[in-house]
Amino acid sequence: MTLVLPVPRAFFVSKVDAWISGIAVAAGFTCLSIAAPMVLFSTSSAERAVLAGVVLVTLVLPIWLLLDTNYTVTGEELRIRSGPFRWRIALSEVRAVSPSRSWLSSPALSLDRIRVQYGAARSVLVSPREKQRFVDCLRERCPAAHITGF
């Protein structure tokens, strides 16, 4: 009888570039400074409720993304979490891993990114703070993946 031990999960938080967090904070305060007077001086309660909701979302979403963007590698999948957004990628589908400086929208809070290509023609950009440990983890758990540039 062979005893198979479960592969431990590896958890990685996103690296955060200062300019990205600065933009997120500035955008939230800009929206607040524009919408708050409208909420305070509005005569319609429905209008106030809509404006308050917009202000709440524009303040909460950037903070949520900044505080809750992370990556977990299990024995079977790469789990990506960025605020309310989630991705689950089977490790068996990972085809290639390479460095990237792409500006494309992604669950990565830094431009020091890693492109993970998977499936037929899909990819996601991530930016783990411990970049080399993340790549080493994928190299170990995705032996068929083409990993270059690290």
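User: What makes the pairing of the S44 side chain with the backbone nitrogen of E47 a polar contact?

Analyst: The side chain of S44 reaches that nitrogen of E47 at 3.2 Å. A polar contact is a pair of N or O atoms within 3.5 Å (within protein, one must be able to donate a hydrogen and the other to accept it, and residues adjacent in sequence count only if both atoms are side-chain atoms), so the pair qualifies. The S44 side chain also reaches the backbone nitrogen of A46, at 3.4 Å. This is a predicted model, in which local features need pLDDT of at least 70, side-chain atom pairs count only at pLDDT 80 or more, and totals for chains, interfaces and linings use all residues. Residues are numbered from 1 along each chain as its sequence is written, and side-chain values use heavy atoms, leaving out hydrogens and water.

User: Good to know! Where is S44 found, and is S44 buried or exposed, or something in between?

Analyst: S44 sits in the loop between α1 and α2, where helices (H or I, at least four residues) and strands (E, at least two) are DSSP runs numbered from the N terminus. Its relative accessible area is 30%. Buried means under 20%, exposed over 50% and partly exposed in between (1.4 Å probe, protein chains only), so S44 is partly exposed.

User: How do you know which way α1 runs relative to α2?

Analyst: The axes of α1 (residues 18-41) and α2 (residues 45-67) cross at roughly 170° and come within 9 Å. Those axes are lines fitted to C-alpha atoms over the stretch in contact, with angles from 0 to 180 degrees between N-to-C directions. Angles under 35 degrees count as roughly parallel, over 145 as roughly antiparallel, 65 to 115 as roughly perpendicular and the rest as oblique. The helices are therefore roughly antiparallel. By class, their contact has 14 nonpolar, three polar and one charged residues. Here Ala, Val, Leu, Ile, Met, Phe, Trp, Tyr, Cys and Pro count as nonpolar, Asp, Glu, Lys and Arg as charged, and the others, Gly among them, as polar.

User: Which residues meet there?

Analyst: On the α1 side they include F29, L32 and M38, and on the α2 side R48, L51 and L66; contact means heavy atoms within 4.5 Å. I63 also lies in α2, and at 48% relative accessibility I63 counts as partly exposed. Its C-alpha is 8.7 Å from that of S21, which is 42 residues away in sequence.

User: Why is the pair E77 and R79 called a salt bridge?

Analyst: Their closest N and O atoms are 2.5 Å apart. E77 is buried at 14% relative accessibility, while R79 is partly exposed at 25%. E77 also meets R88 in a salt bridge, at 2.6 Å from N to O. E77 lies in β3 (residues 77-82) and R88 in β4 (residues 85-90), so this pair ties together parts 11 residues apart in sequence. At 59%, R88 counts as exposed.

User: How many salt bridges does the structure hold?

Analyst: There are seven. Among them is E130 with R133, at 3.1 Å from N to O, and K15, D112 and K131 are linked in a network. E130 is partly exposed at 42%, and so is R133 at 36%.

User: What makes T74 and S102 count as buried?

Analyst: T74 has a relative accessible area of 4% and S102 one of 16%, so each value falls under the 20% limit. T74 lies in the loop between β2 (69-73) and β3, and a polar atom of its side chain is 3.2 Å from the backbone nitrogen of E76. Beyond four places in sequence, T74 touches R9, R79, L91 and R141. S102 is in the loop between β5 (94-100) and β6 (113-118). The S102 side chain reaches the backbone nitrogen of L104 at 3.1 Å, and S102 contacts L111, R113, R115 and L125, leaving aside neighbours within four places.

Note on methods. A salt bridge is a side-chain nitrogen of Lys or Arg within 4 Å of a carboxyl oxygen of Asp or Glu.
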